[in-house]
Amino acid sequence: MEKEKKKLTEKQVINILSICLAVCAACIVVMLICIMNLVKENETLQTEKTEMQTEFDLEKKELSEKVTLLSNQLAVRIEAEEEEAQKKVPSGLPVSGKIITIESEPIIIATEAEGDEIADDAIENENDAENDEDTDENIVEQEIPTVVFGVKKETQIVAAGAGTVDSVEQIEEGTSVKIDHGNGYVSIYLFKGNPKVKAGDEVLRGTLLFEVTSNNAKFSFQVLQDGEYVNPMDLMEIRG
């Protein structure tokens, strides 16, 4: 009986060991499968990561190219707008052709005084009333900066900048052509001749305003900036 019990115990031990080995083998197989799956998933992730990085780099490159293109377009547009705005500044030479002389000769005109000027003049005129009863206390003299050109026959008087002809008037000095440049500047051309433009005409820099038909003719040029006369010599692009 003891021998049979001993054999039975050994058989059970062998069975238990077999089961343990089988379980271990199964665990190893499962672990190998898991490892293989993890390796495969890692490879898939790496592939996806590489593809995403490639796509990101491509999008980044495309975006950079678009930004560069837009920047260039903006720079071109700003340059064009600045160039267009510069064309409206009356800085061009208002004469095309033979110029004999260029002189800065302010014109003195009489205008009605306003505000404090009237009061100041009134006080002065009260003091001098006995000596000069005919003095008009509302009249003051204004000096207008003017550039006078001496020009030869067949010279053209042209617009110094792009704009709209505001008025064409006959005055004591001849014909006055006034051009509003739409940016606070107004240029005035005074010449004894027949104008080639009329009020409302759109002009460009260099548009013909008058033709000079006699030698040693005089032409006067004035500029207003925001309603105040300025020296045209400070604006004109004169080349020596």
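A polar contact is a pair of N or O atoms within 3.5 Å; within protein, one must be able to donate a hydrogen and the other to accept it. The exercises below use a predicted model.

**Exercise 1.** Place His-181 in the fold, then decide: is His-181 buried or exposed?

Solution. 
- Start with the chain. His-181 sits in the loop that links strand S8 (174-180) to strand S9 (185-191).
- Check accessibility. The relative accessible area of His-181 is 3%. Buried means under 20%, so His-181 is buried.
- Look for a side-chain partner. The side chains of His-181 and Ser-187 make a polar contact of 2.7 Å.
- List the surroundings. Beyond four places in sequence, the residues in contact with His-181 include Lys-88, Pro-90, Gly-161 and Val-186.

**Exercise 2.** Find the pairing partners of strand S12 (residues 217-225), and explain why S12 is largely enclosed.

Solution. 
- Take S5 (residues 147-151). Five bridges tie S5 to S12, antiparallel. Val-147 faces Phe-221 in S12.
- Take S9. Seven bridges pair S9 with S12, again antiparallel. Tyr-185 has Gln-225 of S12 as its bridge partner.
- Take S13 (residues 228-230). S13 pairs with S12 over three bridges, antiparallel. Val-223 stands opposite Val-230.
- Inspect the hairpin of S12 and S13. Two residues lie between the strands, and Asp-226 has a positive phi near 50°.
- Seven of the nine residues of S12 are buried, so the rest of the structure largely encloses S12.

Definitions and conventions. Residues are numbered from 1 along each chain as its sequence is written. This is a predicted model: local features need pLDDT of at least 70, side-chain atom pairs count only at pLDDT 80 or more; totals for chains, interfaces and linings use all residues. Side-chain values use heavy atoms; hydrogens and water are left out. Helices (H or I, at least four residues) and strands (E, at least two) are DSSP runs, numbered from the N terminus. Buried means under 20% relative accessible area, exposed over 50%, partly exposed in between (1.4 Å probe, protein chains only). Contact means heavy atoms within 4.5 Å. Two strands pair if DSSP finds at least two bridges between them.
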